Amino acid sequence: VEPLIKERDVFLSLTLKSSMAVNGCEKVVGVVGLGHLEGVMKCLDQNHSGRFKELTWTPSREAVKQKVFGVPRALINRLAFDTVLFAALYGIYLAFWPQTP
């Protein structure tokens, strides 16, 4: 649990710093739970640049970025799966459904 809390403290501090940069402010107000207060205050004094991407990365976001001929790989995979499923079901239909002449 401790590493998770530290990562959350870093994320919260980076979010506050980002808000300051985007808005061009010297001060920002953030509401933080008591369990994160000390850690966030420490992280605000430290340099954690470059960690925001690391902390917000998810496999699904990475999958969306992968493209084949400009089309997201996830969409191609889904289309391939649906095509195979349709072909299998159509084959079963032709094999077992009575055919009328």
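Predicted model: local features only at pLDDT ≥ 70, side-chain atom pairs only at ≥ 80, totals over all residues.
View 1. A search of the whole structure finds 3 aromatic pairs. In the pair formed by Phe86 and Tyr90, the ring centres are 5.9 Å apart and the planes stand at 15 degrees, so this pair is stacked; the cut-off for that word is an angle under 30 degrees between the planes. Both Phe86 and Tyr90 belong to helix H5, which covers residues 73-96, and the 4 residues that separate them amount to about one turn of the helix. Phe86 has a relative accessibility of 57% and counts as exposed, because the cut-off for exposed is over 50%. Tyr90, with a relative accessible area of 42%, is partly exposed.

**View 2. The crossing of helices H1 and H2, which is right-handed.** In general, two packed helices are described by the angle between their axes and the distance between the axes. For H1, made up of residues 2-23, and H2, the axes come within 8 Å and cross at roughly 60 degrees. The two helices are therefore oblique to each other. On the H1 side, the residues that meet H2 are Ile5, Arg8, Asp9, Val10, Leu12, Ser13, Leu16 and Lys17. Their counterparts in H2 are Gly35, His36, Gly39, Val40, Cys43 and Leu44.

**View 3. Ser13 of helix H1 and the residues in contact with Ser13.** Is Ser13 buried or exposed? With a relative accessible area of 0%, Ser13 is buried, since buried means under 20%.

**View 4. His48 in the loop between helices H2 and H3.** The two helices on either side of this loop span residues 34-45 for H2 and 51-56 for H3. His48 has a relative accessibility of 13% and counts as buried. Its side chain makes a polar contact, at 2.9 Å, with the side chain of Gln46.

**View 5. Gly30 in the loop between H1 and H2.** Gly30 counts as partly exposed, at a relative accessibility of 37%. Between the C-alpha atoms of Gly30 and Ala80 there is a separation of 47 Å, and the two residues are 50 residues apart along the chain.

**View 6. Gly91 in helix H5 and Pro98 in the segment after H5.** Gly91 is partly exposed, with a relative accessible area of 37%, whereas Pro98 is exposed, with a relative accessible area of 63%. From Gly91 to Val10, the C-alpha atoms are separated by 55 Å, for two residues that lie 81 residues apart along the chain. From Pro98 to Leu16, the C-alpha to C-alpha distance is 68 Å, and 82 residues separate the two in sequence.

Key:
Residues numbered from 1 in each chain as written. Heavy atoms only, no water. Phe/Tyr/Trp six-rings, centres within 6.5 Å; stacked < 30°, edge-to-face > 60°. Buried < 20%, exposed > 50% of the residue type's maximum accessible area, 1.4 Å probe, protein only. Polar contact = N/O pair within 3.5 Å; in protein donor to acceptor, adjacent residues only side chain to side chain. Axes fitted to C-alpha atoms, helices over the stretch in contact; angles between N-to-C directions. Parallel < 35°, antiparallel > 145°, perpendicular 65-115°, else oblique. Left-handed = near helix turned anticlockwise from the far one by under 90°. Contact = heavy atoms within 4.5 Å. Lists of a residue's contacts leave out its neighbours within four places in sequence.
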